[in-house]
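Here are a few notes from my pass through this model. Have the structure open while you read, and take the points one by one.

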Amino acid sequence: GRASPPLAALSQVLRLERSRRTALVFPLQKLERYLAPGIDTAPFRLFQPGLAALQRAEALFRSDRGHAIDYVSSAVRMDHAPPAGLPEVCFIGRSNVGKSSLIRALFALAPEVEVRVSKTPGHTKKMNFFKVGKYFTLVDMPGYGYRAPQDFDEMVEAYLQERHSLKRTFLLVDGVVGLQKTDHIAVEMLEEFGIPYVMVLTKIDRTSRGVLLKNVLEIQEFVKENTQGCFPQLFLVSSVEFSGIHLLRCFVAHVTGNLPTVEAS
């Protein structure tokens, strides 16, 4: 298998000096320092697990002989999907938001798992199911908007409405450009179906701090004013630098019921 990239493992992150380590694991906290006085910082720290929880989550994402992480199958219709048994999370977002790159980063400690990443937007045309041992299933959904597959709506809507094992949907938003019109449509769909979801800002390594902070504050305000089912804390990630990846693994472990205790709801 491939070697896992630097900083994919917590043991590598822990060797960094403290401020860099905190910024890598909790990228929102790095931004918090630049907020104007009086801005509500509570949504920045709702999910703040300790080292033990982060390590427990990492173990779930690290394959070994007794714990296999496998691509299971792909489906274009719900009747082709593998039977629902384990708790499930799904990742959706616009074409070219960096979804496959993020899933590859989450699975970087299981290099034998083949997550195809393409230079062409809209590469994922099917729902791809990955089984993480006996603990949970992760589903990579096709991208919406530009270059979405023709039957995107039927496929994704059917999955979201019918999949009773679905515990949380991760809605990916491009950290460089913020919420787009197609993202608003996705939010409306999740709200209409009553699906609990969380927003993940991708590509944070490609944007300036000022633009990122502006996008974060605008999206937080949008979530507060316009949503019922969205977790109030945003998750910021860079699949290149591994910023926020360790925290996101921990949140996935938490929402699938695989962390016995964690310091947040």
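1. Let's begin with Phe-242. This is a predicted model, so read every value here as computed from it. At a relative accessibility of 4%, Phe-242 falls under the 20% cut-off and so counts as buried. You'll find Phe-242 in the loop between strand 7 and helix 9. Its phi is positive, about 70 degrees, although Phe-242 is not a glycine. Most residues other than glycine have a negative phi.

2. Leu-7 also deserves a look. Phi of Leu-7 is near 70 degrees, again a positive value in a residue other than glycine. Leu-7 sits in the segment before helix 1. Is Leu-7 buried or exposed? With a relative accessible area of 15%, Leu-7 is buried.

3. Now for Gln-233, in the loop between helix 8 and strand 7. Gln-233 counts as buried because its relative accessibility is 2%, under the 20% cut-off. What does its side chain reach? It reaches the backbone nitrogen of Leu-46, at 2.9 Å. Setting aside neighbours within four places in sequence, Gln-233 is in contact with a run of residues that includes Pro-43, Phe-44, Arg-45, Leu-46 and Phe-47. Leu-28, Val-198, Met-199 and Leu-247 are also among the contacts of Gln-233.

4. On to helix 4, residues 51-60. Which of its residues are buried? Ala-53, Leu-54, Ala-57, Glu-58 and Leu-60 are. Several elements cover them: among the helices are helix 1 (10-13), helix 2 and helix 9 (245-255). The cover also includes strand 1 (69-75), strand 3 (127-132) and strand 4 (136-140).

5. Last, the second largest pocket, which holds about 330 Å³ of space. Its lining is made up of 15 residues. Nearest the centre of this pocket are Ala-23, Lys-30, Ile-204, Glu-241 and Ser-243. Which elements give two or more residues to that lining? They are helix 2 (18-25), helix 3 (27-32) and helix 8 (209-226). By residue type, the lining of this pocket divides into seven nonpolar, three polar and five charged.

How values were computed: Residues are numbered from 1 along each chain as its sequence is written. This is a predicted model: local features need pLDDT of at least 70, side-chain atom pairs count only at pLDDT 80 or more; totals for chains, interfaces and linings use all residues. Side-chain values use heavy atoms; hydrogens and water are left out. On a 1 Å grid over the protein atoms alone, a cavity is a set of points where a 1.4 Å probe fits but cannot get out, and a pocket is an open set with protein on both sides within 12 Å along at least five of seven lines; lining residues have an atom within 4 Å of a point. Grid points are joined across faces, edges and corners, and a volume is the space filled by probe spheres set on the points. Helices (H or I, at least four residues) and strands (E, at least two) are DSSP runs, numbered from the N terminus. Ala, Val, Leu, Ile, Met, Phe, Trp, Tyr, Cys and Pro count as nonpolar, Asp, Glu, Lys and Arg as charged, and the others, Gly among them, as polar. Buried means under 20% relative accessible area, exposed over 50%, partly exposed in between (1.4 Å probe, protein chains only). Contact means heavy atoms within 4.5 Å. A polar contact is a pair of N or O atoms within 3.5 Å; within protein, one must be able to donate a hydrogen and the other to accept it, and residues adjacent in sequence count only if both atoms are side-chain atoms.
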